[in-house]
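Subject: Structure handover

Hello,

I am passing this structure on to you, with notes on what was found in it. Please look through the sequence and the model before reading on.

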Amino acid sequence: LGVSPEELRPSLTLTTGQSFRWVERKGHQGEYVGVIQNKLIIIREEKDDTWFCEVPGTNRNSPMEDSGSTPGKSMETLEMVRDYFSLNTPDNLTLTELHKGFVRDERFAAVYGFFKGARVLRQAPLECLFSFICSSNNNIRRITSMVDKLCQTYGTEIGAVDGKAFYTFPTLYQMQRATETELRAMGFGYRAKYIVGTVAQLEVEGGEKALLALREKDRENSHKFLTRLPGVGSKVASCVCLFSLDKHDDVPVDTHVWQIANRDYHLGLNSKTLTPRVHQAVGDFFREKFGSHAGWAHHILFLAELKEFQPRVS
């Protein structure tokens, strides 16, 4: 990809709660397999760069370098992968430049060195939306399992790596086959109603094109559209906006971020629940402090709160 580890570390980007489609290959540390759009991709983290290859639609059990696909072979795939990692920004803004501005904040300065290369992804909006509908009162492992079930049941198989089949995320048309009864039987619980309801509502609102069109709208109007959908509250809307709709100043607020706001910035938010008012107040605070890419600063601060990264920052 021609990008330094200071600008991209897949290990800090792919499996940290933005996307739920990536698995690290057993026996191949630093290699991740996942699907971007309709392509099966292997990403490999190197000391001085990140490599990728597109896997042909056949089973692959060999290491990346022997997979029969040359890293960077297709310019189309290269651009798709770079776009996914938010590397094709119109202003060519770098993480290094962003962080220079963010480190004026004491808390950010204390933790960002442990998370250099952690980027915000630019995912397909439909996939991002349904993934975060599944995230309600859930953890990364269970969200990943639910997203996998959606793909296996309604998506299209495109290949396999190490004996594991991979599928595209289903289109809105393919999702129309889903029923609440079927999804509940698959373990989605109350989220089943939201998934079926959102599929139906999106059809009325203009389908996937309407979601993509939100990239051209402002954050406030994007939230108004998204929160009309079943199961989409302020947090889910912010996740979709930040991770797929180019709203770099959006700040998803969960219990981790609420704790950061009170502990590190003394906002004094006494509400026991994350109401829309609390979400707005925390988001506004972060936007005032970190500016147009407040969501990127938030992401680093969020990572520093995760249990798996506590040994880094302790």
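Gln18 lies in the segment that comes before strand β1 (23-24). Please keep in mind that this is a predicted model.

Single residues

Gln18 counts as buried, because its relative accessibility is 0% and the cut-off for buried is under 20%. Leaving out residues up to four places away in sequence, Gln18 touches Thr13, Arg119, Val120, Leu121, Gln123, Phe132, Phe243 and His299. Gln18 and Ser131 are 113 residues apart along the chain, and their C-alpha atoms are separated by 9.2 Å.

Glu97 sits in helix α2 (residues 95-102). Glu97 has a relative accessible area of 45%, so it is partly exposed. Between the C-alpha atoms of Glu97 and Gln174 there are 42 Å, with 77 residues separating the two along the chain.

Asn138 belongs to the loop between α4 (125-133) and α5. Its relative accessibility is 19%, and it therefore counts as buried. Beyond its neighbours within four places in sequence, Asn138 is in contact with Ile143, Met146 and Arg191.

Nonpolar cores

As general background, nonpolar side chains in soluble globular proteins tend to be buried together. The largest nonpolar core here has 71 residues. Within this core, Phe130, Leu226 and Phe286 touch the most other members. Not counting residues up to four places away in sequence, Phe286 touches Val251, Val257, Ile260, Tyr265, Gly291, Ala294, His298 and Leu301. Another core, of 17 residues, lies apart from the largest one; Leu1, Ile36, Leu78 and Tyr84 are among its members.

Aromatic residues

The count of aromatic pairs is 14. One of them joins Phe102 and Phe108 in an edge-to-face arrangement, with 5.3 Å centre to centre and 75 degrees between the planes. Both Phe102 and Phe108 are buried. Phe286 and Phe290 form an aromatic pair that is tilted, with 5.9 Å centre to centre and 35 degrees between the planes. These two residues are separated by about one helical turn, because Phe286 and Phe290 are four residues apart in helix α13 (residues 276-290). Phe286 and Phe290 are also both buried. One aromatic cluster takes in Phe102, Phe108, Tyr112, Tyr265, Phe285, Phe286 and Phe290.

Pockets

The largest pocket has a volume of about 800 Å³. Its lining is made up of 29 residues, and Ser135, Asn138, Lys235, Asp254 and Phe302 lie nearest its centre. Helices α5, α11 (234-244), α12 (255-263), α13 and α14 (294-303) each supply at least two residues of this lining. The biggest contribution to the lining of the largest pocket is that of α11, with five residues. By class, this lining has 13 nonpolar, 14 polar and two charged residues.

The second largest pocket has a volume of about 370 Å³. It is lined by 20 residues; nearest its centre lie Ile36, Gln37, Ala124, Glu127 and Glu208. Ile36 is also one of the residues of the 17-residue core. At least two lining residues of the second largest pocket come from each of β2 (31-36), α1 (75-84), α4 and α9 (207-213). Its lining has 10 nonpolar, four polar and six charged residues.

Cavity

On the general principle, rolling a probe the size of a water molecule over the atoms shows where empty space is left. The structure holds one cavity of 30 Å³ or more. The volume of the largest cavity is about 120 Å³. Its lining consists of Phe20, Arg21, Trp22, Val23, Thr144, Asp148, Cys151, Gln152, Lys164, Ala165, Phe166 and Tyr167. By class, the lining of the largest cavity has seven nonpolar, two polar and three charged residues.

Regards

Key:
Residues are numbered from 1 along each chain as its sequence is written. This is a predicted model: local features need pLDDT of at least 70, side-chain atom pairs count only at pLDDT 80 or more; totals for chains, interfaces and linings use all residues. Side-chain values use heavy atoms; hydrogens and water are left out. A nonpolar core is a set of buried Ala, Val, Leu, Ile, Met, Phe, Trp, Tyr and Cys residues joined through side-chain atoms within 4.5 Å. Buried means under 20% relative accessible area, exposed over 50%, partly exposed in between (1.4 Å probe, protein chains only). Contact means heavy atoms within 4.5 Å. On a 1 Å grid over the protein atoms alone, a cavity is a set of points where a 1.4 Å probe fits but cannot get out, and a pocket is an open set with protein on both sides within 12 Å along at least five of seven lines; lining residues have an atom within 4 Å of a point. Grid points are joined across faces, edges and corners, and a volume is the space filled by probe spheres set on the points. Ala, Val, Leu, Ile, Met, Phe, Trp, Tyr, Cys and Pro count as nonpolar, Asp, Glu, Lys and Arg as charged, and the others, Gly among them, as polar. Rings of Phe, Tyr and Trp (its six-membered ring) pair if their centres lie within 6.5 Å; planes under 30 degrees apart count as stacked, over 60 as edge-to-face and the rest as tilted.
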